[in-house]
Amino acid sequence: MKFRLRRRRLGQLMLVSTVATTLSSFAEKTVAQTPIKRTTPMLKSSISETMKVTLQVNGTKHSLQIEPRVTLLDALREYIGLTGSKKGCDHAQCGACTVLVDGQRINSCLTFAIMHTDAAITTIEGLAQGDNLHPMQAAFVARDAFQCGYCTPGQICSAVSLVNEGHAKSDDDIRELMSGNICRCGAYPNIVAAVRDVLEGKKDAAV
Amino acid sequence: MQPFNYQKARQAENAVALVAPDAEASYLAGGTSLIDLMKLNVQTPRELVDINPLPLSKIEMQSNNLRIGAMARNSDVAYDAIIQKRYPVLSEALLSGASPQLRNMATVGGNLLQRTRCYYFRDTSMPCNKRVPGSGCAAIEGYNRIHAILGGSDRCIATHPSDMAVAMVALDAVVQTRGPNGERSIPLVDFHLVPGETPERETVLQHGELIVAVDLPASPNAARSHYLKVRDRASYAFAMVSVAAALDIQNGIIRSARIALGGVGTKPWRAYDAEKALLNKPANQAAFQAAANTAVAGAKPQKYNGFKVELAKRTIVKALTTVGGMA
Ligand SMILES: Cc1cc2nc3c(=O)[nH]c(=O)nc-3n(C[C@H](O)[C@H](O)[C@H](O)COP(=O)(O)OP(=O)(O)OC[C@H]3O[C@@H](n4cnc5c(N)ncnc54)[C@H](O)[C@@H]3O)c2cc1C
Ligand code: FES
Ligand code: FES
């Protein structure tokens, strides 16, 4: 329990510092924006302007002042300070950035934050209920389904969605439907075991 | 990434009105092709019109066909009960493409218009006639293992990467569009263009023309169909060769056949000659092999992709054998 508390405190401190650095770099970025002039008469406003974008992440509304080209992943990590979602390839090839949008898994690196103003976004940080891990998180712990852990937030978000989608009936299905999440440490057998546990309803075994 | 202006379109007319007059404007659907290429500076639109709010995601039976809205997600189409039952080849093709995450974002319209995965096209430091007309083709003299053996020209040998389109071409799909000059129905087989002298022109779509739906004609044979994809890894990779096949077999005799190929052509490749070769033949290995030989008769392999000729033949035979064995 003590350890948990300390971990949480550390997490808070880290969050505060990320937010602080984010805010300062954000200020720099806004100042450094020189809007590019465009000659096309269609132009209504100059390109590169920041816009107010409100995102609902893990049940909390965040109002950001960002450019349209900020990806959802960058908005989560760099502006909101939720660094659980990882950036691996930045081209939808590794799955490290997987988050849930209205319950569906997507690659947050290949979508703009501004596209999701009407959606409920869930990241790895939003899965646990207080100190109670989400069953999939617990299964990953119980099955030792990670090594360095870099891919793990994406794997878990993806696996949660896989269970909700209801198309996996076998280990082969799990492998196929988890193939968008690459693990460079090769923790795959344990990941499959963790997902299987939750699919089969063996959640308790996992805690 | 180049900066751009962004706006959401709520209605199709409104979307067309925003994109059509501006040469630098582009529709944004799932973004999985466009944003990827914007990050690489291969595509640099200055105005993005987000069409996600458009009410175009329904999949519905109409009198004579199944209409799939342009904004239907690849995952929704793949798991649609009617499609799984009546057009299994399409469901299989979609599920063989990309990953679940990507399929949740990718749309039908965007999938048809996704750009080639040719690595020279994706690398702005290399010449590419598709990206910069007249700059040359690095693939023809380069490492062309993934490139086309059918439909190439001395300007371009890039393959069309879509799996979905291959199945749809086999199913005689028709693309419905709405543009500044009204509505059009375009058979999918005529929708994509071979590169010829103008590889930068990839489809018959005019700038600003919006895909609103794809229609699949009701087809009694389509239930007996299969998509077979061969790739470098078991999952989550583009096709080296893929085959969409559908057969109508009565009393052991082939009454109609549909064959389309992916991974080998500069566009989703309908193998008409191979289909003809199967007509009124007994559904057996000899006929399947003859059809396979016919399908690649015009193949022009390059230095590193000669293996695709044999691979395509074997994949066709295997796909036809599977369909032939379906009840
Ligand atoms: C890592 C990775 C692996 C992949 N693997 C596969 C695979 O194995 N097989 C496969 O087939 N595909 C694969 N894909 C490609 C993916 O299927 C396509 O990127 C996707 O289908 C494109 O759809 P979208 O809605 O995201 O398109 P967008 O990126 O939004 O749009 C693509 C283009 O179409 C235009 N557009 C979109 N909708 C319309 C419309 N309704 N009317 C007119 N123009 C429109 C856009 O302006 C843009 O130019 C992969 C992609 C990635 C990133
Ligand atoms: S960072 Fe998004 S898939 Fe790799
Ligand atoms: S645990 Fe290291 S990348 Fe998966």
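Q: How many residue pairs are in polar contact across the interface of domain 1 of chain A and domain 2 of chain A?
A: The rule finds eight, with both residues at pLDDT 80 or more. A polar contact here is a pair of N or O atoms within 3.5 Å; within protein, one must be able to donate a hydrogen and the other to accept it, and residues adjacent in sequence count only if both atoms are side-chain atoms. This is a predicted model, where local features need pLDDT of at least 70, side-chain atom pairs count only at pLDDT 80 or more, and totals for chains, interfaces and linings use all residues. Residues are numbered from 1 along each chain as its sequence is written, chains are lettered from A and ligands numbered from 1 in the order in which they are written, and side-chain values use heavy atoms, with hydrogens and water left out.

Q: Which elements supply the domain 1 side in chain A?
A: Strand S3 (98-101) and strand S4 (104-107) of chain A are the elements that give two or more residues to the side of domain 1 that touches domain 2. S3(A) gives the most, with three residues. Helices (H or I, at least four residues) and strands (E, at least two) are DSSP runs, numbered from the N terminus.

Q: What is the residue make-up of that side of domain 1 of chain A, where it touches domain 2 of chain A?
A: Five nonpolar, nine polar and three charged. Ala, Val, Leu, Ile, Met, Phe, Trp, Tyr, Cys and Pro count as nonpolar, Asp, Glu, Lys and Arg as charged, and the others, Gly among them, as polar.

Q: Where are the bounds of the two domains of chain A?
A: Domain 1 of chain A is 50-126 and domain 2 is 128-207; such bounds come from an automatic or database domain assignment. Their centres, taken over C-alpha atoms, are separated by 21 Å.

Q: How much area do domain 1 of chain A and domain 2 of chain A bury between them?
A: About 1300 Å², 52% of it on carbon and sulfur atoms. Buried area is the accessible area (1.4 Å probe) that two parts lose on being put together, summed over both. On the domain 1 side of chain A, Lys86(A), Arg105(A) and Ile124(A) lose the most area to domain 2, together 46% of what that side buries.

Q: How many salt bridges between those two domains of chain A?
A: One. Arg105(A) and Glu165(A) meet through their side chains at 2.9 Å, N to O. The rule for a salt bridge is a side-chain nitrogen of Lys or Arg within 4 Å of a carboxyl oxygen of Asp or Glu.

Q: Why would side chains pair like that?
A: Side chains of opposite charge can pair when their charged atoms come close.

Q: Switching to the chains. How many residues of chain B are in contact with chain A?
A: 40 residues of chain B are in contact with 43 residues of chain A, where contact means heavy atoms within 4.5 Å. The area buried between the two chains is about 3400 Å², and carbon and sulfur atoms give 55% of that. Lys39(B), Gln101(B) and Tyr236(B) supply 19% of the area that chain B buries against chain A, more than any other three residues.

Q: What does Lys39(B) form a salt bridge with?
A: Asp90(A), with the closest N and O atoms 2.9 Å apart. The count between chain B and chain A is one salt bridge.

Q: And how many residue pairs are in polar contact across the interface of chain B and chain A?
A: 12, both residues at pLDDT 80 or more. On the chain B side, strand S1 (5-8), helix H2 (34-39), strand S3 (47-50) and helix H6 (100-105) each supply at least two residues. H6(B) gives the most, with six residues. That side of chain B divides into 18 nonpolar, 11 polar and 11 charged.
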